[in-house]
Every structure is written in C-alpha cells, then in structure tokens.
Amino acid sequence: MDVQLGLYYLALEQTYYHALKRLSLIYLRSNQCISYEVTPEHLTQIKDLIEDLALKLRSDQDWHPREGEQCDRCGYRQYCSAQTPNPEPLPQTAKPPRKVQLALPLR
Ligand code: SF4
C-alpha cells in the first residue's frame, strides 16, 4: 500500500470513524483501477512509514535539489547547484530555513 493511499485511509478513518476494508485508486486518464485490501499489517506498515517520514522531515537539513519540469518556472535557478555549475550565494536577506511543524493525530 503506497503512502498516498495510506494517508487517504487514515484521513477517511479519522473523519468518518469507520475502518475501510478496501481502497481503490482510479486513474481516469488510463481508465485503470487498482484496489487494495486493507489488512492490520498494512496499517502498521503505513503508520510506521508516515512516522519515519515525519521524523526525517523535521530533522532534515541536508537538502538535495531534484531537477524536473518545474525548474523552468523556479525562482531559485540562479542559486541552484543542479541548474548552475557556479550557483550564486543566497542573498543576505534570504529567510533562514523554517522548522517544520507536523501534526498527524495517529491513533
Ligand atoms: S531549479 Fe533547482 S531548486 Fe528550482 S525546482 Fe529545479 S532543482 Fe529545484
């Protein structure tokens, strides 16, 4: 069960107070439907995965740029080591990195 479905499951469970037995992803463009049976093992797996991701997000200071289509519209290109061999240093007025605050009420 991937992270996306796991998050949907948890959100729906906490909104409607019902445990789902089956989840489906429907891809409208390809007209595909992929379904998953939800098992207690899946739930444990997704909660562990989300907890691990949340802890990494909170402590992650080591950021690596990922190039993609979004780079064409990015306002940080001149500072980005993935786009420029000699990136400009960040301006003195640049905001310091913010601490991430996460709130996931997992039961
Ligand atoms: S230019 Fe750099 S920072 Fe901007 S989106 Fe691309 S990889 Fe990310």
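Let me begin with Asp72, which is exposed, with a relative accessible area of 63%; here buried means under 20% relative accessible area, exposed over 50%, and partly exposed in between, with a 1.4 Å probe and protein chains only. Asp72 forms a salt bridge with Arg77, and the closest N and O atoms are 3.9 Å apart, where a salt bridge is a side-chain nitrogen of Lys or Arg within 4 Å of a carboxyl oxygen of Asp or Glu. Arg77 itself is partly exposed, at 33%.

Before I go on, please keep in mind that this is a predicted model, in which local features need pLDDT of at least 70 and side-chain atom pairs count only at pLDDT 80 or more, while totals for chains, interfaces and linings use all residues. Residues are numbered from 1 along each chain as its sequence is written, and side-chain values use heavy atoms, with hydrogens and water left out.

How many salt bridges does the structure hold? There are three. Another of them joins Arg22 to Glu37, with the closest N and O atoms 2.4 Å apart. Arg22 lies in strand E1 and Glu37 in strand E2, so this pair ties together parts that are 15 residues apart in sequence; helices (H or I, at least four residues) and strands (E, at least two) are DSSP runs, numbered from the N terminus. Arg22 is partly exposed at 46%, and Glu37 is partly exposed at 42%. Asp52 and Lys56 also form a salt bridge, at 3.2 Å between the closest N and O atoms, and both lie in helix H2, four residues apart, which is about one turn of the helix.

Now to helix H1, whose buried residues are Leu5, Gly6, Tyr9, Leu10 and Glu13. They cover an arc of only 135° around the axis, which puts them on the same side of H1; the arc is that of the directions from the helix axis to the C-beta atoms. These buried residues pack against strand E1 (22–27), strand E2 (32–37) and helix H2 (40–59), with contact meaning heavy atoms within 4.5 Å.

Most residues other than glycine have a negative phi. Tyr17 is found in the loop between H1 and E1, and is exposed at 65%. Asn31, in the loop between E1 and E2, also has a positive phi, of about 60°, and counts as exposed at 71% relative accessibility.
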